[in-house]
Amino acid sequence: MASTLTTKWQRSLYRLARAPTVAPVTAFLSSPQRLYRFYGTQKASLADGDLISTKGLFDLTGRNYVVTGGGRGIGYAAVRAIAESGRNISVLDAAAEPTKDFHNLADEFGVKTAYIRADVTDEASLTSAFTQTVDQFGPLHGCVTAAGICPEGPFVSHTWDEVRRCFDVNITGTYFASQLATKQMQAQGTGGSIVLIASISGSIATPGVRLSAYNASKGAVKMLNTALSVELAPFNIRVNAVSPGFIDTELLTPLKQKAPKRIELMRQEPPLKRIGSRNDLTPAILYFLSDASPYTTGSELIVDGGLVAGRIESPYI
Ligand SMILES: NC(=O)c1ccc[n+]([C@@H]2O[C@H](COP(=O)([O-])OP(=O)(O)OC[C@H]3O[C@@H](n4cnc5c(N)ncnc54)[C@H](O)[C@@H]3O)[C@@H](O)[C@H]2O)c1
């Protein structure tokens, strides 16, 4: 009964919105995707059925996002893409300075930007960075957790300090950045989107490198993605993970320096036969952040040139 009434109410509102005398309402509902969102999960009574236009789903001006580890690398690629799509962006990073290009974003895209030096492993530092962001920008609509480190070495050689640091940055930092974003979005009652940068190293032993601590940390991030997506769904906070394969950033520099042959391995192992670029990742991050994915939570999008999928070539045949 309740759902029938709701549907009637929605239909009446739709007819009202179509009346030429109700111009402001019609303007508000002129975008099919807005109409669809307004109607929630019910099918809108559009003349052409329940299909909506996909144009503009990625373009959500005036929203506010946080990216941890956004000072360089993959995090910075996300920062630039978010700014380009018209959103304000607060970068939280431990480095003293972001990459130079960051300083162009505000003028280039007409958005607000902030660079806040913060350590994701430090409660006071991270909490203060979120508070400063909200003070400057207002409501928060999403968060990307890209801060991460990748210690390499045989399992038996890793020290307690190395492993603790890896878990602290990659797991605890991701956990509490997500928690702070969630608390803010819950307080606003707006919902939102959290994108965790995980890794294929959370699913497989990475070819050519010994990364046991990193592997374990990214496995934890993947499970956090699953747990949070379920727990936060009632608040309309979606949580998804992007898992890169080999992506050419400064994170890989020490691995390449230790054994230059690894560059060839990184090129040859993925079935698509190349090292990934940050540009391969940004559309995936934007997809999860945006209203293009309103029914997607708990997903992992693997961007690895097919590395995890496997290979047909073998030295034996
Ligand atoms: N590059 C790859 O091949 C690859 C593959 C899979 C996953 N990833 C993941 O992507 C994310 C980004 O990696 P990247 O390649 O851009 O690395 P990167 O080293 O280029 O950038 C990492 C950023 O995180 C920041 N950071 C590190 N520790 C921090 C801390 N305690 N607090 C705040 N900021 C901190 C650094 O200052 C830096 O700006 C990481 O989580 C990494 O594990 C990278």
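1. Two residues are in contact here if their C-beta atoms, placed from the backbone, lie within 7 Å. With that in hand, take helix H6: what covers its buried residues includes strand S1 (64–68), strand S2 (88–93), strand S3 (113–117) and helix H7 (160–188). Keep in mind throughout that this is a predicted model.

2. Now the overall picture. The chain has eleven helices and seven strands. Of its 317 residues, 38% are buried. Take the contacts between residues at least 6 apart in sequence: 70% of them join residues at least 24 apart.

3. Back to H6, which runs over residues 123–137.

4. Which residues of H6 are buried? They are Leu126, Ala129, Phe130, Thr133 and Phe137. Looking down the axis of H6, you find these buried residues within an arc of 95 degrees, so they line one face of the helix. On the other side, Glu123, Ala124 and Asp135 are exposed.

5. In general, nonpolar side chains tend to be buried together in soluble globular proteins. In this chain, the largest nonpolar core holds 61 residues, and those touching the most other members are Val67, Ala78, Val79, Val144, Leu196 and Ile285. Helix H4 gives this core its largest share, eight residues. For a closer look, pick Val79: leaving aside neighbours within four places in sequence, Val79 is in contact with Val67, Gly70, Ile89, Val91 and Phe102.

6. Next, the ligand, for anyone thinking about the site. How many residues surround the ligand? There are 29, and the closest are Gly69, Gly73, Gly148, Thr249 and Leu251. By type, the shell divides into 15 nonpolar, ten polar and four charged residues. H4 (73–84) and H7 each supply at least two residues of the shell. The largest share, three residues, comes from H4.

7. You will find it in the loop between H10 and H11. Is Leu281 buried or exposed? It has 24 C-beta neighbours inside 10 Å, and 20 or more is the cut-off, so Leu281 counts as buried. Not counting residues up to four places away in sequence, Leu281 touches Ile74, Ala77, Val242, Pro244, Ile247 and Val303. Leu281 and Leu301 are 20 residues apart along the chain, and their C-alpha atoms are separated by 9.5 Å.

8. Phe155 is another loop residue, placed between strand S4 (142–145) and H7. Buried or exposed, then? Phe155 is exposed, because 11 other C-beta atoms lie within 10 Å and the limit for that label is 12 or fewer. Phe155 does touch Arg210 and Ser212, not counting residues up to four places away in sequence. From Phe155 to Ala213 is 58 residues in sequence and 7.9 Å in space, C-alpha to C-alpha.

9. Pro294 sits in the loop between helix H11 (282–289) and strand S7 (300–303). Its count is 17 C-beta neighbours inside 10 Å, so Pro294 is partly exposed. Pro294 and Gly192 are 102 residues apart in sequence, yet 9.8 Å apart in space, C-alpha to C-alpha.

10. Last, a backbone check. Which phi is positive at Asn236, and where does this residue lie? Asn236 is not a glycine, but its phi is positive, about 55 degrees. Asn236 is in the loop between helix H8 (212–232) and strand S6 (237–244). Asn236 has 14 C-beta neighbours inside 10 Å and so counts as partly exposed. Lys273 also is not a glycine and has a positive phi of about 55 degrees. The loop holding Lys273 lies between helix H10 (261–268) and H11. With 10 C-beta neighbours inside 10 Å, Lys273 counts as exposed.

Notes. Residues numbered from 1 in each chain as written. Predicted model: local features only at pLDDT ≥ 70, side-chain atom pairs only at ≥ 80, totals over all residues. Helix = DSSP H or I, 4+ residues; strand = E, 2+ residues; numbered from the N terminus. Expected span 1.5 Å × (residues − 1). Arc of directions from axis to C-beta. Near = placed C-beta within 6 Å. Nonpolar A, V, L, I, M, F, W, Y, C, P; charged D, E, K, R; others polar. Core = buried A, V, L, I, M, F, W, Y, C linked by C-beta atoms within 7 Å.
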